[in-house]
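Visitor: Please pick one part of this model and take me through it closely. Then show me what lies around it.

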Amino acid sequence: VQREVAQFWADLGRLDLAFQYWSRAIETGAPGTAALFSTFRQLLQTPAGLAAFRELALRPPSWWERFFVQTARGGTELALVQALYDMRQVPGAAALSPGERRGYVARLLREGAHEAAYLAWINSLVPAQRRALGLLYNGGFEQPISGFGFDWQVVKHERASISRSPASGAPGQSLRIEFRFARTAFDHLSQRLYLGPGFYRLVGRTRSDRFYTESGLRWMVLCTAPDTAMLGESRRLLGNEDWLQFAFEFAVDEGCESQQLRLVSAEGFRVDEATDGVIWFDELVITRIEVMSPAERARAEARQAAMERASGGAEAETQDAQDTQ
């Protein structure tokens with residue numbers, strides 16, 4: 001009945017009244033919510049629909065977040081998703097929900113709109129989180145890991161636990177990774193970066209407790225768009241009972257639109273290697289530098305040459321296969 005009354009007012013052009021009854025239908029759990037949301041998306045493409053949504057956005061109904069997240073996740077044009085998001089930020093509107101922010105940033109990242117995603121993510125941070133901002137976010141691990149936007153991303157590992165915890169010899173919180181005889185390559189901790197073209201140095205500290213590994217772990221920085229490429233990597237980190245500092249330099253080229261920092265097994269192809277024990281990380285910082293050191297530049301050139309040789313070998317194999325056919 002609520003839906004029929006809503007349609008009556010919609011046919012008369014009174015979308016303000018129609019939404020009152022549509023909202024009641026959705027809130028009572030009536031079937032057909034997905035169809036209603038589809039209708040709402042069609043209305044968004046009309047001037048009258050946009051005007052009605054602007055009024056709703058000031059005091060959004062209970063279903064708004066679910067509608068927005070599904071709209072942002074689906075195939076609706078990005079311009080309409082941005083319009084919905086902008087409606088929620090006008091003066092006097094209720095505060096954006098975490099779900100709306102997450103859905104919007106995720107859609108921007110999927111579209112490759114890295115700058116807009118970074119700005120939207122920064123605007124979502126509370127004062128305590130803003131104090132952890134830098135070229136690398138929360139490198140001291142004093143803030144909880146949210147997995148949102150440009151924060152640390154943690155992927156579940158069956159034989160490794162990633163958490164924040166106080167560590168001996170370090171103030172506040174540190175990153176703690178406990179391995180339990182893991183035999184699969186580690187590639188389960190990362191952070192998106194948004195760096196401009198130039199030269200950078202990453203510095204951090206590490207220590208371990210009864211940490212055993214054959215090949216060790218390694219931090220690496222990758223370019224992720226428009227193409228994937230290695231930009232720099234740390235030395236092998238095999239663990240040490242005392243805190244030790246590690247550092248490496250890398251260059252971001254003009255065409256690299258976004259980057260990613262990852263902690264990985266130093267030899268990811270060794271699937272049978274056992275890793276056990278606890279390793280800690282703290283005080284990770286990325287700073288901009290004027291030029292790379294001669295040693296780091298030589299490492300970068302050697303890495304680039306190796307990648308080109310590997311790429312040339314793959315192309316040759318492909319050409320041989322085509323010639324054989």
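Guide: Start with a term: helices (H or I, at least four residues) and strands (E, at least two) are DSSP runs, numbered from the N terminus. This is a predicted model, where local features need pLDDT of at least 70, side-chain atom pairs count only at pLDDT 80 or more, and totals for chains, interfaces and linings use all residues. Residues are numbered from 1 along each chain as its sequence is written, and side-chain values use heavy atoms, without hydrogens or water.

Now find helix 7, residues 98-111. It has 14 residues and spans 20 Å from its first C-alpha to its last. That is close to the 20 Å expected at 1.5 Å a residue; the expected span is 1.5 Å times one less than the number of residues.

A cavity is a set of points on a 1 Å grid over the protein atoms alone where a 1.4 Å probe fits but cannot get out. The model has 2 cavities of 30 Å³ or more; points are joined across faces, edges and corners, and a volume is the space filled by probe spheres set on them.

The second largest cavity holds about 60 Å³. It is lined by 13 residues, and Y118, G134, L135, Q191 and R192 lie closest to its centre. A lining residue has an atom within 4 Å of a point. Helix 8 and strand 4 are the elements that give two or more residues to this lining. Strand 4 gives the most, with 3 residues. By class, the lining has 10 nonpolar, 2 polar and 1 charged residues. Here Ala, Val, Leu, Ile, Met, Phe, Trp, Tyr, Cys and Pro are nonpolar, Asp, Glu, Lys and Arg are charged, and the others, Gly among them, are polar.

Now the other cavity. The largest cavity has a volume of about 110 Å³. Its lining counts 15 residues, with T184, A185, S265, E273 and T275 nearest the centre. They divide into 5 nonpolar, 6 polar and 4 charged.

How values were computed: 1 Å grid on protein atoms, 1.4 Å probe; cavity = no way out; pocket = protein on both sides within 12 Å on 5 of 7 lines; lining within 4 Å.
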